[in-house]
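Work through the following exercises with the sequence and the model at hand, and compare each of your steps with the solution.

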Amino acid sequence: MTPTSGSAPPEPFSVAHLSDPHISLEDPESSAVTGLALAINRVLALRPHPTCVVITGDLTDTAHPVEYGALRAIIAGFPIPVHVATGNHDDHQNLISAFKGGVQLGGGDSCHYLVEYPGFTLVVLDSLVPGAAGGFLGTDQLNWLDAALEKRPDVPALVCVHHPPVPVGMPFADGMRLDDGPALEEVVARHPNVVRVLAGHVHRPTVTGFGGSILATAPSTHQQSRLKMEGEGPMGFTEEPTAFLLHQETEHGWVTHTVQVSHSEGVPDLSS
């Protein structure tokens with residue numbers, strides 16, 4: 001999908017990176033819904049507006065069609081393109097049924113897709129393995145990624161995937177990361193125009209080197225995981241601020257900001 005010239009975004013180019021909203025059927029008025037709505041509102045308060053938004057998986061909690069309907073309602077009429085990726089809590093068919101042909105899936109009907117903006121390329125991967133907590137891409141999708149990144153080798157590219165492809169130092173999360181992370185790193189290393197690899201899943205912001213690029217996981221718009229760096233048990237959740245990342249083009253390269261939501265600097269002013 002290539003956005004039309006009539007909707008060319010303002011410079012500098014930037015991507016608002018949200019993750020793990022976990023919209024829940026059990027309580028449609030829950031903090032998950034409120035958290036994502038607040039984050040979307042906070043995106044609109046940024047000046048200039050980001051070029052697009054990407055949500056790196058676990059869009060829903062149980063993948064029920066009603067949960068995807070709630071997600072559609074939250075982003076309905078949003079003036080900035082919103083793209084979505086699958087997480088282990090999602091379902092391929094229900095996600096495609098909700099967003100087929102829409103900008104959310106790059107105008108197509110696949111959970112991995114390419115969007116070419118004037119100033120950067122956004123590539124969204126599908127790491128969902130039905131019934132598993134960890135993720136996997138597979139040879140076919142990695143070959144597709146390799147070819148997609150070849151299309152505009154001189155244009156910055158951001159690659160999006162739910163599962164982190166490397167350990168993040170939290171044993172429980174590391175036990176359900178992307179199984180073929182080394183293979184993904186080999187592909188990324190062949191393309192020096194990849195300025196960021198964007199992930200979610202761990203419900204915490206982390207940053208590390210990856211294939212000559214930078215891997216960044218976004219915090220959750222719902223709940224943050226405890227920073228549990230030893231032991232094999234679940235991390236549990238902690239009352240830390242909700243937030244998202246903003247990846248922004250600068251004269252020096254791409255810079256990543258953490259944008260607070262629940263503890264932001266007051267109510268966003270959307271009047272201007």
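**Exercise 1.** Describe how helix α4 and helix α6 pack against each other.

*Solution.* Helix α4 covers residues 139-150 and helix α6 covers residues 181-189, and they pack at an angle of about 15° with their axes 10 Å apart; helices here are DSSP runs of H or I with at least four residues, numbered from the N terminus, and axes are lines fitted to C-alpha atoms over the stretch in contact, with angles from 0 to 180 degrees between N-to-C directions. The angle makes α4 roughly parallel to α6, a term for angles under 35 degrees.

Next, look at the residues: Leu142, Leu145, Asp146 and Leu149 in α4 meet Ala183, Leu184 and Val187 in α6, where contact means heavy atoms within 4.5 Å. These residues divide into six nonpolar, no polar and one charged.

The model is predicted, with local features needing pLDDT of at least 70 and side-chain atom pairs pLDDT 80 or more, while totals for chains, interfaces and linings use all residues. Residues are numbered from 1 along each chain as its sequence is written, and side-chain values use heavy atoms, leaving out hydrogens and water.

**Exercise 2.** Is threonine 60 buried or exposed, and which residues does threonine 60 touch?

*Solution.* Begin with its place, which is in the loop between β2 (52-56) and α2 (65-75); strands are DSSP runs of E with at least two residues. Threonine 60 has a relative accessible area of 0% and is therefore buried, which means under 20%. Not counting residues up to four places away in sequence, threonine 60 touches His22, Ile23, Glu67, Tyr68, His89 and Asp90.

Technical notes
Buried < 20%, exposed > 50% of the residue type's maximum accessible area, 1.4 Å probe, protein only. Parallel < 35°, antiparallel > 145°, perpendicular 65-115°, else oblique. Nonpolar A, V, L, I, M, F, W, Y, C, P; charged D, E, K, R; others polar.
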